[in-house]
Amino acid sequence: MPAKNFELILHEQIRSQRDNQITNLQHGFRQSRGIQSNLALFVQYLSESIDRGVKVDAVYTDFQKTFDKVNHSILLQKMAALGFVSEALRFFESYLSDRDQFVGCRGAISASSPCPSGVPQGSNLGPLHLLCNIYK
């Protein structure tokens, strides 16, 4: 439990510093935002555009398995470019390295295998890593 509390504190500190660098149009991985707020904003924009006779093109993408695809070295480079201090970078490098993954179902557990990319799912820091990686 102390690790989860530490993650929460660290997440809040970094998120509060990053929020002013992220466009208000970003809805994924942000507090009090998501698919519903994105859709409401888009419908409002679409309605206003139709009223003005303006053509609207839209492309929606699904970054399936995004949590699994994050390259650790690229993520750390982007975090360094954002101004993370060397101590924080070393912490995150340690946090992300030497991780294994396995599958459990009905009491059975598969063999574990190395997880050289991706961010820990179920962690408080996973969405934060995606923000740093995708929106720089």
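User: What makes serine 49 count as buried?

Analyst: Quick note before we start: this is a predicted model. Serine 49 has 0% relative accessibility, and buried means under 20%, so serine 49 counts as buried.

User: Where does serine 49 lie?

Analyst: Serine 49 is in helix H2, which covers residues 35-52.

User: What does the side chain of serine 49 reach at 2.9 Å, and what makes that a polar contact?

Analyst: The side chain of serine 49 reaches the backbone oxygen of tyrosine 45, at 2.9 Å. The cut-off for a polar contact is 3.5 Å between N or O atoms, with one able to donate a hydrogen and the other to accept it.

User: On to helix H4. How do you know that the buried residues of H4 line one face?

Analyst: The buried residues of H4 are His72, Leu75, Leu76 and Met79. Looking down the axis of H4, they fall within an arc of 95°, so they line one face of the helix. As a rule, an α-helix has 3.6 residues a turn, so residues three or four places apart point the same way.

User: And what does the face of H4 turned away from the buried side carry?

Analyst: That face carries Gln77 and Ala81, which are exposed. To be called exposed, a residue needs over 50% relative accessible area.

User: What happens just after H4?

Analyst: Glycine 83 sits there, with a positive phi of about 100°.

User: Which residues touch the most other members of the largest nonpolar core?

Analyst: Leu75, Met79, Phe84 and Phe92 do, out of 14 residues in that core. Helix H1 (2-18), helix H4 (72-81) and helix H5 (86-96) are the elements giving two or more residues to this core. H5 gives the most, with four residues.

User: How much space is in the second largest pocket, and which residues are closest to its centre?

Analyst: Its volume is about 240 Å³. Of the 13 residues lining this pocket, Asp68, Gln101, Cys115, Ser117 and Val119 are the closest to the centre. Helix H3 (66-69) and strand S1 (100-101) each supply at least two residues of the lining.

User: Stepping back, how many helices and strands does the chain have, and in what order do they run?

Analyst: There are six helices and four strands. From the N terminus on, the order is α-α-α-α-α-β-β-β-β-α. As for burial, 26% of the 136 residues count as buried.

Terms used:
Residues are numbered from 1 along each chain as its sequence is written. This is a predicted model: local features need pLDDT of at least 70, side-chain atom pairs count only at pLDDT 80 or more; totals for chains, interfaces and linings use all residues. Side-chain values use heavy atoms; hydrogens and water are left out. A nonpolar core is a set of buried Ala, Val, Leu, Ile, Met, Phe, Trp, Tyr and Cys residues joined through side-chain atoms within 4.5 Å. Buried means under 20% relative accessible area, exposed over 50%, partly exposed in between (1.4 Å probe, protein chains only). The arc is that of the directions from the helix axis to the C-beta atoms. On a 1 Å grid over the protein atoms alone, a cavity is a set of points where a 1.4 Å probe fits but cannot get out, and a pocket is an open set with protein on both sides within 12 Å along at least five of seven lines; lining residues have an atom within 4 Å of a point. Grid points are joined across faces, edges and corners, and a volume is the space filled by probe spheres set on the points.
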